[in-house]
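Please read the points below beside the sequence and the model. They cover the fold, the confidence, the core and a few backbone details.

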Amino acid sequence: MATKLMPRVRQPAAPGQLASSVVIASLSRALDLAEGEPMGHAIRACWLGMQIAKWLELRPAERQDLYYALLLKDAGCSANAYSVTHWFQADDLTTKAELKITDWSSQWRSMVFAIRQTAPSAPITRRMAQLVSLGSRGVGLANELVEVRCTKGAEMVRQLGWAEPAAAAVLSLDEHWNGSGRPRGLKGEEIPLLSRIALLSQTVEIFWRRGGGRAAETVLRQRRGKWFDPVLVDLVLAHAGSAKLWRQLGEITHPEHVGYLDPEPRIIPSGSLDDMIRIGEVFAAVVDAKSPWTTNHSTRTAALARLMAENMNFSATEQDRVGLAGLLHDLGKLAVSNAILDKAGPLLPEEMEEMQRHTSITHEILSPLWPLDDVAEMAAAHHERLDGTGYHRRLRGPEMPHGADILAVADVYEALTAHRPYRRGMEADEAIAVLKKDQGTRLAGEPITALEQMVASKRADEVE
Ligand SMILES: [Fe+2]
Ligand SMILES: [Fe+2]
């Protein structure tokens, strides 16, 4: 598999251990999907940014800050997904991907973008009305959407425990060298260097993917001194001369291809899942923020599943693994458009198919984290049913991964009892009665009994 240009891959220190650099690189692929980009966008942007850091001879601490800023630059992506769908009356993933190739600092191009992207499949009168409504919010709305994304993203970086410069880099990701960026309109060296590197790297990756080295070099020249710091542009162009740079970029496809670029990755021991749970909580919040219909869903499902596992006398380690799977189970939903997630009525067959892809995507995102294979299997099986009518593998009773039956029950119970924008959640007893209709046929009996006991003893009330 390795070719002579393949970058060096450093595995974690010992079998069964994970390095924070590979964990975050793996999970960054969920953020790519939420931005309408294919998995691997952030990893390649990270590799490119880290080459710039090497050419600039940045110190190890700065390189570490940059590494996590590049991978987590889109951590706030889900916070504006609902608003983007609402204001553009369009698929948020397509709108966001298109915005990434638009020079939105130009008023004219912003206008063309809005005309093309707003309610594209609606009748002309509705499109016009939506455009007027969008236009009335204008710059204020654009600032708001960027600000929510950047502020939330920076907050996530802080919650994950990386140093303030990494958070500051995410906060100013959309600022442009000539002051035309958002949300604060910073100019030149007012913009943190790490943000300048991150903006250039992410833009170049997108143009390179669509049109190769030539497209990447064109956007660098076109936006030199406008979006991008001229010194950084000249540096990249000087190294791009031989085309080797673009060839190497094309070989970056897996989280382990960048893991070695963090000068000092934290080692996450397999014995304790504390660090992974902390990371899982942050990513659960990213998933839950995507739609008002899923507020707190992942965190509540995880907490319920953990308590159920305790009630069923699982060991402390197994309880942690069930809880972690609960936090990460709907990661794949970041790849589903809010036009589907937030749809009030029943889904069309093709929309249902799109929605049901989320479990296999969850599995794919988690698959590089091999010491947690069982967690990935459990998370990806939360919609499987004992009688084989679930998805995505249509597993039957004995084929269900250990713990997946608990997660399946917790997931349904949470969805039934949660309050949503247009409906109140069911009372606990009512939800248990619904679950019992499937007890032993589609859903396992033991987890439902455990849940029933938790409700009776008021332990379920501990879950906010
Ligand atoms: Fe799900
Ligand atoms: Fe779920």
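**Notes on the predicted model**

1. The chain has 21 helices and two strands; helices (H or I, at least four residues) and strands (E, at least two) are DSSP runs, numbered from the N terminus. This is a predicted model, in which local features need pLDDT of at least 70 and side-chain atom pairs count only at pLDDT 80 or more, while totals for chains, interfaces and linings use all residues. Residues are numbered from 1 along each chain as its sequence is written, and chains are lettered from A and ligands numbered from 1 in the order in which they are written.

2. Confidence is given as pLDDT (the predictor's confidence in each residue, from 0 to 100). Its mean over the chain is 88, and 84% of the residues reach 70 or more. Over residues 1-13 pLDDT stays under 50, and the model has 19 contacts beyond four places in sequence for this stretch. Where pLDDT is low, the predicted coordinates should not be read in detail.

3. Two residues are in contact if their C-beta atoms, placed from the backbone, lie within 7 Å. Of the contacts in the chain with a separation of 6 or more, 68% are between residues 24 or more positions apart. A residue is buried if 20 or more other C-beta atoms lie within 10 Å of its own, exposed if 12 or fewer, and partly exposed in between. By that count, 48% of the 464 residues in the chain are buried.

4. The largest nonpolar core has 121 residues; such a core is a set of buried Ala, Val, Leu, Ile, Met, Phe, Trp, Tyr and Cys residues joined through C-beta atoms within 7 Å. Helix α9 gives the most to this core, with twelve residues. The core lies between domain 1 (1-270) and domain 2 (271-462), because both give residues to it; the domain bounds come from an automatic or database domain assignment. Val157 is among the residues with the most contacts inside the core. Helix α13 (residues 297-311) has 15 residues and reaches 21 Å from its first C-alpha to its last. That is close to the 21 Å expected at 1.5 Å a residue, the expected span being 1.5 Å times one less than the number of residues. Since 14 of the 15 residues of α13 are buried, the helix is largely enclosed by the rest of the structure. Just after α13, Asn313 takes a positive phi of about 60°.

5. Which peptide bonds are cis? The bond from Arg182 to Pro183 is cis, with omega near 0°, and Pro183 is found in the loop between α8 (164-171) and α9 (193-222). The bond from Tyr391 to His392 is also cis, with omega near 10°; His392 is in the loop between α18 (373-380) and α19 (404-417).

6. Arg394 is in the loop between α18 and α19 and has a phi near 55°, a positive value in a residue other than glycine. Arg394 counts as exposed, because it has 12 C-beta neighbours inside 10 Å. Glu57 likewise has a positive phi near 55°. The place of Glu57 is the loop between α2 (41-55) and α3 (60-72), and Glu57 is exposed, with 8 other C-beta atoms within 10 Å.

7. Arg278 lies in helix α12 (residues 274-288) and counts as partly exposed, with 14 C-beta neighbours inside 10 Å. Arg278 and Gly161 are 117 residues apart in sequence, yet 9.5 Å apart in space, C-alpha to C-alpha.
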